[in-house]
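Open the model in your viewer and keep the selection tool ready. Each stop below says what to select and what is there.

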Amino acid sequence: MRTARTALALLTTLALATGCGAKVTEGGDTGDSNDSGKKASGRYPVTIENCGVKTTYDKAPQRVVTNDVNIAEIMFALGLEDHMAGYVAPDYRADRESVPWKDGYEKVKWLSKKEITKELVLDAKADLVFAGWNYGFGEGNGFTPDALKKLGVGSYVLTESCRNGGAGKARGVMPPLEALYTDLTTLGKIFGVEDRAAKLVADFKKKVADAQAGVPQDGKRPTVFLYDDGRDKATTSGSFAGPHDIITKAGGDHVMKDLKDTWPTVGWETVVERNPDVIVINNYGDVTAGQKKEFLKSYPPLANVSAVKNDRIFVLDYVDLVESPRNPAAIAALARYLKGVIT
């Protein structure tokens, strides 16, 4: 842990350096660019909008710290490893060897398997933190874009987690895959890799379209419930979290599509009432997918639910289901599974 004196000196240095040269303008107006930014590169300054906030960058961030596997892989997919100071992520069981951007895990430092903190960000000399609400940012721990701004560190918020509504508690401002495409496009602009971002978006859209082409166009769609975790109640996906797009574009009917949020909690009686044909398990954390499946199959209230009774339980990893470059492949995998489900 850094001493108070050293921390103060570093804060002063960061504040003077203004991180990545970003200006966040109150009220949504863009800030004025400076002459040094114009001289540094003909393409800067650039102004982007992220979760309703406009920010002007005089140069590309050089020491980005990301929070969680999905966000690190967005940076890896864009080829931005050289712009990263490191990533924070738990040791999920997700496969990191077969993804196209596996080299990113070798090139970029794994800073911590625990919660991201201001101290960690300062120690890494970060000029930008890429995280999301409940993906690192949160008022409860005081780790917010506003708090980082006071330290001279910029922020980029995962679009899937953007807040919607006057109270600022509900999340989700656009369909999940659109959020992925938005972040890829916006980050491409910030880092000067627009062509790479555009190609990724085009490739992902084609993969999704190819998966949808194999989905039967007639007949009833199998109903699908996403099980994240929980015993007394179930944490699931609403219409603004990644699983909604993955389920619907794979040919399923998402039984919780009426919940206008990202990751809400529902009572088991709601699951029983909606009687899904398939349950998709989110594989992450200390409770394994096998243990979750065992619980679902042994929990008496679920005994007559179609998915449980017919053993139609499909597993996807956490990084497949939150906004990430793995979403299109997850759609293709689930589409193949649902195609064999007779309803």
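Predicted model: local features only at pLDDT ≥ 70, side-chain atom pairs only at ≥ 80, totals over all residues.

Residues are numbered from 1 along each chain as its sequence is written, and side-chain values use heavy atoms, with hydrogens and water left out.

**Stop 1: the disulfide**

Select Cys51 and Cys162. A disulfide joins them, S to S 1.8 Å; the term covers a pair of cysteine sulfur atoms within 2.5 Å. The count by this rule is 1 disulfide. Cys51 sits in the loop between strand E2 (46–50) and strand E3 (53–57), and Cys162 in the loop between E9 and helix H7 (176–191), so the bond ties together parts 111 residues apart in sequence. Helices (H or I, at least four residues) and strands (E, at least two) are DSSP runs, numbered from the N terminus. Look along the S-S bond: its torsion is about -75 degrees, so the disulfide is left-handed.

Which end is buried, and which partly exposed? Cys162 is buried, with a relative accessible area of 1%. Cys51 is partly exposed, at 33%. Buried means under 20% relative accessible area, exposed over 50%, partly exposed in between (1.4 Å probe, protein chains only).

**Stop 2: strand E9**

Select residues 154–157, strand E9. Gly154 and Tyr156 point one way, Ser155 and Val157 the other, and all are buried. Two strands pair if DSSP finds at least two bridges between them. Leu128 stands opposite Gly154.

**Stop 3: an open sheet**

Select E12, E10, E14 and E15. They form an open sheet of 4 strands in the order E12-E10-E14-E15, with parallel pairing. Strand E12 (253–254) and strand E15 (313–317) are the edges, each pairing on one side only. Inside the sheet, E10 joins strand E14 (residues 278–283) through 4 bridges. Tyr227 stands opposite Ile281 in E14.

**Stop 4: aromatic rings**

Rings of Phe, Tyr and Trp (its six-membered ring) pair if their centres lie within 6.5 Å; planes under 30 degrees apart count as stacked, over 60 as edge-to-face and the rest as tilted. Both Tyr227 and Phe295 are buried. Tyr227 lies in strand E10 (residues 223–227) and Phe295 in helix H11 (residues 289–298), so the pair ties together parts 68 residues apart in sequence.

The count comes to 14 aromatic pairs. Next, select Phe76, Tyr87, Tyr105 and Trp110, which form one aromatic cluster.

**Stop 5: helix H3**

Select residues 69–77, helix H3. How many of its 9 residues are buried? The count is 9 of 9, and Phe76 is one of them. Just after H3, Gly79 takes a positive phi of about 70 degrees.

**Stop 6: Asp95**

Select Asp95, in the loop between strand E5 (84–88) and helix H4 (103–107). Asp95 is partly exposed, at 34% relative accessibility.

**Stop 7**

Finish with Asp68, Tyr92, Asn134, Tyr284 and Tyr318. Of the 27 residues lining the second largest pocket, these are the closest to its centre. A pocket, on a 1 Å grid over the protein atoms alone, is an open set of points where a 1.4 Å probe fits, with protein on both sides within 12 Å along at least five of seven lines; lining residues have an atom within 4 Å of a point. The volume of this pocket is about 560 Å³, taken as the space filled by probe spheres set on the points, which are joined across faces, edges and corners.
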